[in-house]
Structures are given as structure tokens and as C-alpha cells.
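Dear colleague,

Please find the structure below, together with its sequence. My notes on what was found in it follow directly after.

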Amino acid sequence: MGNIINIKNINVSYGKNHVLKDVNIDIKEKDFFTFLGPSGCGKTTLLRLIAGFEQSQSGELIIDGKEVSKLNPWERDVGLVFQNYALWPHMTVAKNISFGLEEKKVPKNEIDQRVDEVLELVGMQDLKQRYPFQLSGGQQQRVALARTIVVRPKVLLLDEPLSNLDAKLRNQMRIELLELHNKLQITTIFVTHDQEEANSISDNIAIFNEGVIQQVGAPIDLYNHPKNLFVANFLGTINAVKGKTSNGTFSDGHDFKIESLKADNSDNCSLLVRPQNIYFEKKNDSDQNFKGKIQSKEFLGNIIRYQVLISGQVMTIDSMHEGKEKIYSKNEDVDVFINPETSQII
Amino acid sequence: MFKNLFLNSTSLIIGIFLLLFLVIPIAQVFYVSFLDVNGSFTLVNFSDFFKNQLFIESFYNSFYVAAMSVVLASVFALPLAYFTSRFNFKGSVIIQSLGFIPLIMPPFVGAVAMKLFFGTNGSVNLLLDQYFGFKIPFMEGLNGVIFVESVHYFPFILINLITSLNNIDRSMEESAQSLGSKGFGLFKRIVLPLSMPGYIAGASLVFLKVFDDLGTPLLLDINNMLAPQAYLRISSIGINDPMGYVIAVILVVTSILAVWVAKMALGGKDYSMLQKGGGGMIKRDMKPRQKITAYSVVGLILFLVLSPHIALTLLSFGTIWSFSVVPDAYTIDHYKNIIFENSIFIKNTMLYCTLAAFIDIVLAFFISYIVLRTKVKGRQLLDYIAMSALAIPGLVLGIGYLRTFYSFNNPLDGKPLASWWFMIVLILAVRRLPYALRAANAALMQISKFLEESAESLGAKKTTIFRKILVPLMTGGLLAGFITSFSTATVELSATIMLVSTEVDAPLAYGIYSYMQTAAGRGPGAALGMIGVLIVAVGTYFSQTIIDKKYKKTGEVNNG
Amino acid sequence: MKKILSFIIAFLFATSAFANTVTIVTSFPKDLSGKFKAAFEKKYPNIKVEIVGKKTTAGIKYIQETKSNNTTDLFWASAPDAFEVLKGDGLLQKYTSKAKGIPSKVGSYPVNDPDGFYTGFAAAGYGIMWNTRYLKANKLPAPQQWSDLTNPVYFGHVGMSAPSRSGTTHLTVETLLQGEGFDKGWALSKEMAANFKTVTARSFGVPDGVNSGDFGIGIVIDFFGLSSIGSGFPVDFVYPKVSTLVPANIGIINNAPNKKNAQLFIDFLLSTKGQETLLDPKIRRLPVNPNTYSKAPKGFPNPFKDKSIGAAVKFDVDLSKSRYNLINSMFDVMITYRLDELRDAMSAIYKAEAALKKKSNSKASALVKEARALIAKNPISEAKANDAEFNKIFKKKRKKAKDIEKYAGTRQAEVEAGWDKAVVANYSAAKQKAEQALKLL
């Protein structure tokens with residue numbers, strides 16, 4: 001499968017506000033690709049650019065081999081689902097969905113057939129004649145999806161589709177979205193600020209911050225090998241210690257030292273360790289054992305999260321709550337093991 | 001106990017006032033229309049009405065004129081609404097302020113001047129004929145009424161359209177564009193239906209006002225419409241002529257229908273609820289050619305909207321204006337006439353309108369308090385009846401007053417009560433009450449209940465609370481209500497024309513009508529009109545300023 | 001709060017009941033009543049004149065309805081028949097003024113009511129006024145006689161009010177009917193009407209239209225034309241031969257509260273000063289005192305010197321009174337309400353006649369004659385129009401059912417509906433015939 005979208009050196013500015021800076025992304029066909037980042041990072045702007053509602057000051061946008069920057073939204077073969085669903089209140093569900101097909105001058109019986117098909121796909125067949133104001137948030141979202149899918153666009157663009165739903169529904173919907181994607185095999189670009197969402201359903205993620213792409217890759221790769229501190233912090237909790245690395249030994253300049261690291265020398269670097277990669281145990285043949293003191297603990301359901309003081313650094317340690325493990329209390333002294341292989345220097 | 005007695009008796013007094021001066025006169029009108037010559041119930045008057053060619057024609061004409069006025073007004077409004085909503089157009093500022101201009105001059109005031117401007121041998125046509133060899137029958141027959149009314153009401157429709165369009169969420173358009181729609185198709189399928197409810201609400205109100213208007217057809221000498229027919233029948237044949245009442249009933253029924261349509265349009269499909277955000281349509285920049293077109297259209301329409309004012313000004317300063325583009329010469333004699341020699345009109349108006357506005361704010365204060373703050377029985381009815389004065393055409397109320405109060409004599413001077421000047425004050429008060437009530441409601445709703453409750457818990461009686469807390473806090477709103485009441489009452493004609501019996505008692509609007517009946521009276525009549533317009537303009541300006549200032553200041557303090 | 005309230009109450013009481021007044025119900029415009037009020041109050045500073053402005057018919061109604069509780073002293077209006085109505089209802093009281101120098105007749109009409117119930121103070125005739133700029137621009141000749149107005153060249157240029165809307169217009173029409181005869185008079189009226197641009201809603205609409213140049217020619221009472229000239233408008237006025245001079249009158253109401261003041265006012269009207277006030281450029285009515293004319297401006301008509309004015313028709317007031325409402329109805333049904341149809345028919349006839357001038361055809365001529373006859377046809381005969389019983393239907397105020405015994409069931413609305421039908425049929429038939437004629441040419 002080749003790349004269906006090539007974004008090359010795209011820059012977008014509003015007056016002095018430089019919203020997207022030299023963005024380059026290639027998106028593979030049939031991928032579920034996510035733009036992830038905090039508010040204002042430019043991810044929605046890029047999505048709207050692809051849809052045709054924003055203009056770039058420089059760069060190229062190629063969809064399926066064609067440069068489309070100069071094309072109007074109605075001339076591009078992409079479908080955009082809006083954050084507020086944007087269902088037309090004066091039309092029934094059926095009419096909302098058939099809109100795009102009518103614009104394409106599809107014959108009537110085919111329209112009816114395809115509308116019914118897509119309604120079944122999203123599970124809304126019984127609500128065909130309802131009006132948007134008679135639907136719940138989740139139902140409206142499905143209609144919005146159906147409306148876009150039915151015209152079979154090359155690329156499906158979803159602008160934070162789950163952010164207006166409550167937590168439980170959100171989880172349910174994202175699984176359904178994934179299923180839909182698998183069934184339809186349509187290239188999908190998904191915009192969100194929620195890293196858990198991104199992690200759970202994406203094939204690939206592009207992380208944005210302040211208009212600049214930080215890293216692109218599969219969720220697990222980004223998680224395990226963040227390129228910078230921002231990515232590391234954004235995708236889950238992480239311990240980061242600043243310091244120097246010399247001959248495989250990291251030192252924060254005081255008491256904290258990790259040895260046997262496979263990393264280059266650096267005078268200014270950070271040590272990254274995930275909370276789940278620090279263990280309450282003493283390894284016999286390792287010199288990465290530390291003495292720590294419990295500062296505080298949080299019960300998070302499936303894990304217990306401790307803040308532990310280790311050689312002058314407060315680090316977060318997650319311990320799986322299986323029911324029979326030891327639970328430590330504040331000010332308790334503990335033995336802690338940090339595995340250099342699961343640590344990273346950036 | 002005392003609280004209840006005070007509130008309940010106030011409520012009762014207000015109820016009686018509304019009963020006497022609003023409900024009963026209207027009921028009388030309905031009642032009489034169903035009486036035959038012997039005083040028994042009959043439908044013969046209505047069947048006479050519908051058998052008579054002239055009345056059927058008048059009915060049709062009134063309907064036609066009202067509908068066409070809406071159409072023409074929409075035609076003026078549409079391009080401007082389009083420019084403002086669709087483009088980044090600097091002229092939008094001018095357009096937005098247009099909405100204010102027609103409010104300050106009722107159509108009848110400028111009607112005569114418009115005839116001089118746009119008539120067959122008026123300024124515009126003389127020029128058109130001279131340079132282009134053709135004339136446009138702007139003011140011929142019904143066209144004249146339609147033209148004057150649409151020039152007056154189009155900014156109302158404009159503001160309505162702009163608001164409707166601005167309430168459309170941008171994503172409504174973008175999602176359609178994303179699905180392949182563009183240009184006129186997009187407009188037709190998405191923008192138009194979404195802006196319809198707001199437009200229809202506005203359009204039906206305009207329809208209603210034109211349908212009921214007495215002054216404009218009267219001053220343009222058009223008799224074959226319902227309102228002038230009613231007036232003529234009553235004033236020439238007498239208050240016993242059933243036809244006048246039949247027409248009045250028809251006017252009221254149509255009014256209620258129109259208001260109902262407006263409510264339905266807005267109530268049923270509140271599209272703005274579904275759309276989160278508004279933001280209006282996607283705006284584009286204008287190309288140079290489009291800019292030129294836009295500015296010329298704006299200029300032309302601006303000229304039309306201001307033409308009554310321009311024409312009236314010329315007429316008020318002109319000596320002789322006959323078969324020429326502009327008056328022969330200019331003078332200030334007309335103003336001198338009405339300010340010094342015949343100042344009675346202005347004086348009467350000031351007196352009547354002040355009294356009426358005062359009555360209004362007192363009533364409005366109590367009604368809004370009773371409705372919003374108490375549980376007095378029947379308070380919703382009170383509010384409803386007071387507001388219903390909006391749907392009653394002034395002419396009908398005037399006829400009702402004549403009928404109801406003619407048989408009683410004023411104890412002070414023995415003349416029929418209906419011809420007492422104070423009745424004019426009352427009819428003005430009743431007609432303007434809805435505006436004052438709205439202002440009072442707005443003012444009261446801004447004030448937190450807790451302010452009163454804390455005063456009560458400190459032992460203050462209701463009257464003290466009114467005096468020391470509510471009235472001072474509501475001053476801005478009440479003042480605004482007073483000014484609105486006052487200034488709009490200044491140019492009221494339909495109701496007062498029925499009640500004015502002697503010129504000594506005549507207010508400004510009647511004075512205009514009376515002056516326009518004499519050859520040498522056009523100038524003074526126009527001058528009088530200008531003064532009326534001035535009063536309304538100044539009043540509206542101050543009212544707005546007070547509201548803006550007061551609510552910016554107290555809005556933050558009284559949130560709750 | 002209290003202070004304001006007491007001030008208001010005091011004010012209310014203060015405005016009622018003046019000490020020494022005279023109340024006049026009048027149909028005259030402000031320009032006239034105001035000037036006389038000012039002049040009278042100047043002479044009698046302790047008497048206040050209260051003007052109650054009402055159109056003639058409304059004024060009559062008002063006096064009739066308030067008779068049990070009368071507060072009016074004087075009724076002051078143009079049309080003598082209005083006074084006849086009041087006189088007949090017993091609502092006037094006799095008074096003969098002590099003023100000197102007033103002749104017994106003006107034109108061929110007695111100045112005062114022979115029974116002494118009302119007094120003439122000015123005379124008015126009827127005629128044609130036109131806008132000089134308008135005629136010049138449209139290259140139209142100035143009319144002189146009523147029959148001139150039937151000239152096709154004036155099509156769409158003439159304005160007039162309706163008798164039902166204006167007492168003075170009613171007199172004009174009645175004069176025409178009496179002068180030319182019932183059938184001929186109606187025929188002439190309709191032929192003139194075919195050239196109308198409009199039938200104005202009020203009598204003032206005619207001079208107003210001519211003054212502003214809205215239409216070129218108007219059929220008006222003389223003082224409308226004369227005062228417009230006096231006010232500086234570019235207009236002119238002429239008395240056609242078939243005209244009459246009818247006095248404008250004033251009468252004291254029965255049980256007038258201020259009888260003395262009322263008499264003083266009448267005397268004032270007939271005094272030298274009063275008569276001279278009539279010459280004011282905004283008033284311009286013909287004084288009844290022949291001596292006043294020495295103070296009149298050049299060109300001002302003088303019926304006492306120029307005997308041709310208003311002498312042709314001897315106006316029969318009783319006849320006018322007896323068929324007052326019926327004439328109003330006829331005019332409205334045949335002309336006012338069906339102006340479009342009338343104009344359409346006449347326009348077709350004009351076209352046919354223009355063609356006939358170039359090419360003669362006896363069949364076409366006959367058709368055109370028939371067409372004209374159809375237009376001239378009236379839905380009732382003169383005899384019926386003058387029938388007292390039939391006229392009872394046209395009482396606008398129907399008090400008791402037994403008033404219309406003879407024609408029970410035929411109410412005014414119904415009769416008018418029947419006429420309307422006939423008229424519409426006539427006009428459309430006339431139009432058809434004219435079009436047929438045109439086809440032959």
C-alpha cells in the first residue's frame with residue numbers, strides 16, 4: 001500500500017500567528033492515522049487544511065497523487081465529520097445522509113439503497129425519519145459519520161468526534177469507530193487531544209506541539225521510544241531526570257546515578273523511566289538497586305502509584321494492584337530497582 | 001397579610017384599568033359587529049360586508065398592499081443582508097445603523113413628501129423623464145402605499161435577515177461544502193431554510209403593521225383599503241354604522257393570525273438551539289468589481305431609506321413645490337408658524353405623551369413586579385392582556401373607545417366622555433404599555449431576588465422596598481421605558497384620530513394630518529412632522545444610551 | 001410624588017369649562033377658521049372661540065347625536081343643504097343679523113335662509129383649476145367649460161372628489177345635474193370622469209393634486225383655486241358657464257349655551273372687517289357685501305359686477321336635499337368604484353373615434369354611438385331618483401325598520417349591489433362595442 005496523502009512543508013499563518021510550521025507527514029492508504037496534541041497545537045488546522053477550509057502559505061498537499069491546495073472543499077474527495085456533528089436541523093436523518101449523494105446526482109433508488117446500508121452499518125436504521133433534535137449526542141454522531149461515509153470519500157477526516165460524549169460512551173464509540181474502519185478499509189485521519197484514545201485505536205500517530213510535528217510513528221513505538229521530553233510527557237506518565245551521561249553512566253550531578261546504559265555521552269540530557277519500569281525489589285546481581293523512601297501514595301484502581309524519594313529525586317512508581325502485593329505507607333523505606341534496559345536517555 | 005392586601009389590591013386596580021380601557025372597548029367592537037338594527041344578534045353585517053364589492057376590494061387591497069410591502073421590503077433587504085453576511089464588507093457598519101432610521105418616522109408623516117419626490121410629476125420622475133424619457137409609477141394608487149411602507153419597514157426585515165444569517169453555525173455550510181455542495185445550491189438547501197424561521201417571524205410582523213396602518217393610505221388619499229374605509233364610515237356615517245365595526249373585527253382577527261404565524265415560525269423550529277456557536281456564514285473578501293456593485297447598491301438603497309426624511313425636510317423649508325424637482329425657494333416661516341403661532345399641537349403632544357408615559361411606567365412597574373416576583377392569582381393574565389395591546393390595531397381601539405365612552409358624559413364639563421382630551425392620554429398609555437412593560441421586565445430581571453429578600457428579612461415593608469430598592473435600581477430601565485413610550489406616542493395617529501374632537505385638543509400627529517388638508521398647510525405640516533421625528537430620534541437615542549450605560553454598570557453587580 | 005400628582009389633578013380641572021366662550025362646529029379648514037377666530041378674539045378679547053373641526057356630514061351627525069346635551073353654539077359650513085338637514089331636524093334657531101349692506105341675492109341665489117334659520121356670509125361657485133407648468137409641459141390647452149373636459153386630450157389628467165366625501169363636490173354635481181338635466185348631466189359627468197386620473201378621497205385632494213402637479217386639472221370649489229393662486233402656486237382658475245353661486249352659511253344651534261356670543265360672531269362675519277377677512281390670500285372666498293370688492297386684488301371675481309358668474313343655474317335646494325344620499329350613491333357606484341372600467345371603455349371609444357376621423361365607416365360609427373350610450377345609461381330613471389319613498393332606503397342612519405316599509409328587504413347595500421352589476425355590464429359592453437368598431441377600421 002502506498003501513501004495516499006503527502007503533506008510537504010506546509011506552513012499556515014494567521015497574521016503574525018504561525019500556526020503550522022513546516023509540517024511534513026505521509027499517510028499510508030487505509031491507515032487509521034491520528035493527529036494528537038494539546039489545544040492550539042495546530043492539529044485541527046491541518047485537518048481543515050486537508051478538507052479545504054484553510055489555506056497554506058507555502059507547501060504542497062497531495063492526495064492520491066494530485067496536488068489539491070488550489071481545490072475547493074467540494075472538489076476534493078474527502079469527508080469531514082465536525083466536532084459538533086453539524087447535522088442540518090431542518091432535515092431528517094435520512095435527508096441528512098442522502099445530501100451528499102444528491103449532490104453527486106446519484107440515481108434515486110441507489111441513494112435509498114446506500115442510505116439504508118450505511119444506516120445499518122452505524123446501527124441507526126430505526127431512526128431514519130427522526131430529526132436531529134430528537135436524537136441523543138451519540139446518535140447524532142453516528143448520523144454525522146454515516147452522512148460522510150455514504151459518499152465513499154477517499155479519506156475520512158474526524159475532528160475530535162468523541163470529545164462531546166461522556167466517558168463511558170466515548171470508550172464504546174472508539175471501539176465502534178475502529179470496527180467501522182476495519183470494515184470499510186477507508187483511510188481515516190482522527191484528531192484528538194486524548195492520548196489514551198490515540199493509543200487505543202491508531203495505526204500511526206503524529207504528535208503536534210505549537211504547530212510543529214514532534215514525532216510520527218506507531219503508538220507503541222512513540223510510547224517506548226519518545227524522541228523528546230514533550231512526547232515522553234504527553235504519552236503517559238514518565239519520570240524524567242536531567243543530568244549528564246558519560247561512559248554509560250547517567251548522573252544528575254548529585255546522588256542519583258544509573259550505570260550500564262547504552263547511550264552516548266552528553267552534557268545535557270534527560271533520563272526517562274516509566275513508572276511501571278521501577279520495581280520494589282532488590283536484584284541480586286545488579287548495581288541498579290537503590291534505597292528509597294515513600295513520600296505519598298495514590299490508589300488508582302488497577303495500580304497503586306507511589307511518589308518515592310530515590311537519591312535525591314522524587315520518582316513515580318506504579319505497582320500493579322493484584323490484591324496480594326505489599327502496600328507501602330508513607331515514610332517507609334523501600335528497596336527499588338531501576339532497569340537500565342528499560343531506561344532511555346534523550 | 002398587609003403584603004398580600006397591597007399587592008392584591010394593586011393587581012385588582014390594574015386589572016380594572018386594563019378592563020376598562022383595553023378589554024371592554026375591544027369587546028364592544030366585536031359585540032356591535034354582531035348586532036342588527038334592532039339590537040339582536042345577527043351575522044347580516046358580515047354577510048353585507050362580503051357581498052359588497054367595495055369592501056371585498058378593500059379587503060383584497062389591504063392584503064395585497066401588506067403582502068407586496070413585505071416582498072418589496074425583502075427585495076431591498078436581501079442584497080444588503082447578503083453583502084453584510086457573506087463578505088468582509090466595510091459598508092456593513094452603515095447597513096447596521098440603517099435599522100434605526102425608519103423607527104423614528106412613521107410612514108404617514110413622510111407620505112405626502114414622498115409623493116412630491118416620487119409622484120408622477122415628482123422630483124425623481126421629472127428627472128427620469130428629462131434625461132431618460134420614461135417615468136416609474138412609484139406612487140400611483142396602491143403603489144404609493146406599498147412603496148412608502150416598504151421603504152419604512154425594509155430595515156426591520158434587514159436586521160431580521162442579518163440576525164438570522166448570523167445565527168447560522170459555520171459548520172452548517174462547511175459540512176455541506178465538504179459533501180460537494182456550493183454556491184446557489186448550497187444557499188437554497190442549507191442557508192435559506194435555516195434562516196427562514198427568523199425571516200418569517202419578522203415578515204409577519206411587518207405584514208401586520210402594514211395591514212393595520214391607517215395614516216399612510218389616508219394621507220395618500222387611498223380609500224379602498226380596510227383601515228381608511230373603517231375610519232371613513234365611522235367618521236362620516238357615524239358610530240352606529242356596523243360596517244366600521246365589521247372591518248375592525250377583521251383587522252383584529254388578521255392581526256392575531258399574523259402574530260400567531262410569527263410565534264409558530266420561531267417556536268416550532270428553534271434551529272439556533274441545535275447549532276452550537278453561531279458565527280455566521282463563511283465570509284469572503286470582495287473583488288474590486290463586486291465592491292463597486294456593493295457600494296452602489298448600498299448607496300441606492302440608502303437613498304431610498306432616507307428619501308422620506310430628505311423629502312420632508314425639503315417640504316418643511318420649501319415655499320412652493322409644484323411640478324419641479326425641488327421647491328422654488330426656501331423659508332423658515334413654516335417652523336415659525338408651528339412653534340409660535342400654532343404651538344398648541346406641540347404643547348398638547350408634550351402634555352399627553354408625558355402623562356401617558358408616566359402612567360405607563362407606573363403600570364409597568366407594578367405589573368412586572370407582580371408577574372415576576374409574586375404569586376398573586378391571575379398575574380399571568382394581567383401580563384398577557386397588557387402585552388396583547390400590541391396586536392390590537394390603533395384604529396380598532398379608537399373605535400372601541402368612541403363606542404364605549406360616547407354615551408357617558410364627563411362630569412367636569414358635561415361633554416361626551418369620548419371627546420375629553422384625557423381619553424387620548426389613556427389610549428396612548430394603553431397602546432404603549434407593552435413597550436414600557438418590556439423595559440420594566442428587563443430591568444427587574446437584572447435585579448437579584450436576594451436584594452429584596454435581604455431587605456425584607458431586615459423588616460422592610462413592600463412599599464419601602466419599592467421606594468428604596470427597586471425603583472432606584474430600576475431607574476435606568478424605567479427611564480428607558482418612559483422615553484420609548486413617550487417618543488413613540490408622539491407620532492401615534494390611528495387611535496388618536498378617532499378621538500380628537502376639537503383642534504384645541506389635537507396632538508402633533510393629528511396636526512400633521514390637519515395641515516396636509518390645506519393648500520398652504522403642507523409646509524407647516526412638514527415642519528410639524530420634522531419636529532415629531534426629532535423628538536422620537538432624540539428619545540430613542542437617549543433611551544439606548546441609558547440602557548447601554550446602566551446595564552454595563554449594574555450588570556456585573558446584580559448577576560443572580 | 002405628591003406634589004406632581006396634585007399639580008396634575010389641578011391641571012386636569014383647569015382645562016375644563018372656560019368662562020366666556022363660543023363653540024363652533026365647522027367644516028372649514030384651519031386657514032379660514034383660524035383667521036376668523038384670531039380676528040374675532042382681537043375685537044372681543046374676553047370671548048374665546050373654540051373650533052370643532054368636522055367634515056360636513058360628520059358635523060351634522062355630531063350635532064344630531066349631541067342634541068340632548070348640546071354644547072355647540074354655531075354650525076359653520078359651506079353646503080346649504082347641510083343646513084337644510086339641520087333645519088328640518090329642528091336643530092337651528094332663528095337669527096337675523098343686524099349687519100348692513102348685505103344684498104338679498106348673490107348670483108341667482110338668496111343669501112340667507114328665507115325662514116331665517118341660517119345666514120350666508122360668503123359665496124362660492126364651482127369651476128376648473130389647472131397647473132400652468134403641467135399644462136405647458138404636456139402641451140395641453142386650458143379648459144374653459146365643463147364640456148371641454150370631455151376632450152380626449154385630457155385623458156388621465158383630471159382629478160375630482162366624490163359627492164359622498166365632500167359637501168362642496170356634491171353641490172358641484174347637483175349643479176351640473178340641475179343645469180344640464182338629470183340624464184344629460186350624468187352623461188356629461190361620466191364623460192368627464194373617463195378623463196380622471198383619480199377620484200380623490202377628500203375634496204382637498206383635488207387642489208392639492210393640482211398644486212403639486214400630480215395631475216393637471218381639477219374640478220373644484222372656487223376658493224380652493226383662488227386661495228391656491230393666493231398662496232403662490234403656479235395655478236389658474238375659471239368659472240364655466242354652467243355654474244351656480246351658493247352661499248356658505250352659519251347658523252345658531254338650538255339650545256346654544258352661549259347664544260349672545262354666537263350672535264356676535266355672526267354679526268362679525270358680516271361686518272366690514274369680517275367680510276374683508278375673506279379676501280385673505282389663503283382664504284379667497286367671495287364676500288356677500290358688494291363694497292368689500294373694492295379692497296380685492298386685481299382679477300378677483302366679482303359676482304355683483306360680472307353677472308355671468310353663477311347666474312346660469314337656479315339652484316333648487318329642496319331637490320338637492322331630497323335626493324342627497326341617493327346622488328352620492330349613484331356617483332360612487334357609477335364613477336368612483338368603477339373608474340377603471342369606465343376609463344377602459346372610454347379609452348377604447350377614443351381609439352375608435354380617432355380612427356373614424358381618418359376613415360369613415362357607418363357600422364363603426366353606429367357601434368361607437370351605442371358604446372357612448374351605454375356609458376351614459378343610468379341604472380335608475382330621474383323619476384325614481386326623485387321618488388321620496390325610494391330615497392328613504394338611502395338613509396345612512398337606519399333607526400327603525402318601518403322607515404323602509406315600502407322597499408322592505410331592499411336595503412341600501414342590496415340596491416347598490418344591483419346598480420353595480422348593471423354598470424359593470426354596461427361599461428364592459430361599451431368597451432366591447434368600441435373594440436368591435438376599431439376592428440372594422
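Helices α3(B) and α9(B) are oblique to each other, a class left for angles that are neither under 35 degrees (roughly parallel), over 145 (roughly antiparallel) nor 65 to 115 (roughly perpendicular). This is a predicted model, in which local features need pLDDT of at least 70 and side-chain atom pairs count only at pLDDT 80 or more, while totals for chains, interfaces and linings use all residues. Residues are numbered from 1 along each chain as its sequence is written, and chains are lettered from A and ligands numbered from 1 in the order in which they are written.

Helix packing in chain B

The axes of α3(B) (residues 53–86) and α9(B) (residues 183–212) come within 8 Å and cross at roughly 135°. Axes are lines fitted to C-alpha atoms, for helices over the stretch in contact, with angles from 0 to 180 degrees between N-to-C directions. Helices are DSSP runs of H or I with at least four residues, and strands are runs of E with at least two, numbered from the N terminus. The crossing of α3(B) over α9(B) is right-handed, that is, the near helix is turned clockwise from the far one by less than a right angle, anticlockwise being left-handed. On the α3(B) side the contact includes Val65(B), Ala66(B) and Val70(B), and on the α9(B) side it includes Val206(B), Phe207(B) and Phe211(B); contact requires C-beta atoms, placed from the backbone, within 7 Å. By class, this contact has 10 nonpolar, 3 polar and no charged residues. Ala, Val, Leu, Ile, Met, Phe, Trp, Tyr, Cys and Pro count as nonpolar, Asp, Glu, Lys and Arg as charged, and the others, Gly among them, as polar.

α3(B) also packs against α14(B) (residues 288–317), at an angle of about 135° with the axes 10 Å apart. That makes α3(B) oblique to α14(B). Here the crossing is left-handed. Phe76(B), Pro79(B), Leu80(B) and Phe83(B) of α3(B) meet Ala294(B), Val297(B), Val298(B), Ile301(B) and Leu304(B) of α14(B). This contact has 9 nonpolar, no polar and no charged residues.

Contacts between chains

Of the 2 pairs of chains that touch, B and C have the most contacts. Their contact takes 47 residues from chain C and 42 residues from chain B. Several elements of chain C each supply at least two residues to its side, among them α1 (2–14), β2 (48–53) and α18 (412–440). The largest share, 5 residues, comes from α8(C). The side of chain C that touches chain B has 17 nonpolar, 16 polar and 14 charged residues.

The contact of chain A with chain B takes 20 residues from chain A and 19 residues from chain B. On the chain A side, β6 (78–81) and α2 (93–103) give two or more residues, and α2(A) gives the most, with 3 residues. That side has 13 nonpolar, 5 polar and 2 charged residues. Chain A and chain C do not touch, and their nearest C-alpha atoms are 47 Å apart.

A residue in chain C

Trp186(C) is found in α7(C) (residues 182–193). With 25 C-beta neighbours inside 10 Å, Trp186(C) counts as buried (20 or more; 12 or fewer is exposed, and in between is partly exposed). Leaving aside neighbours within four places in sequence, Trp186(C) is in contact with Leu177(C), Ala376(C) and Asn378(C). The C-alpha atoms of Trp186(C) and Asn378(C) are separated by 7.8 Å, although the two residues are 192 residues apart along the chain.

Yours sincerely
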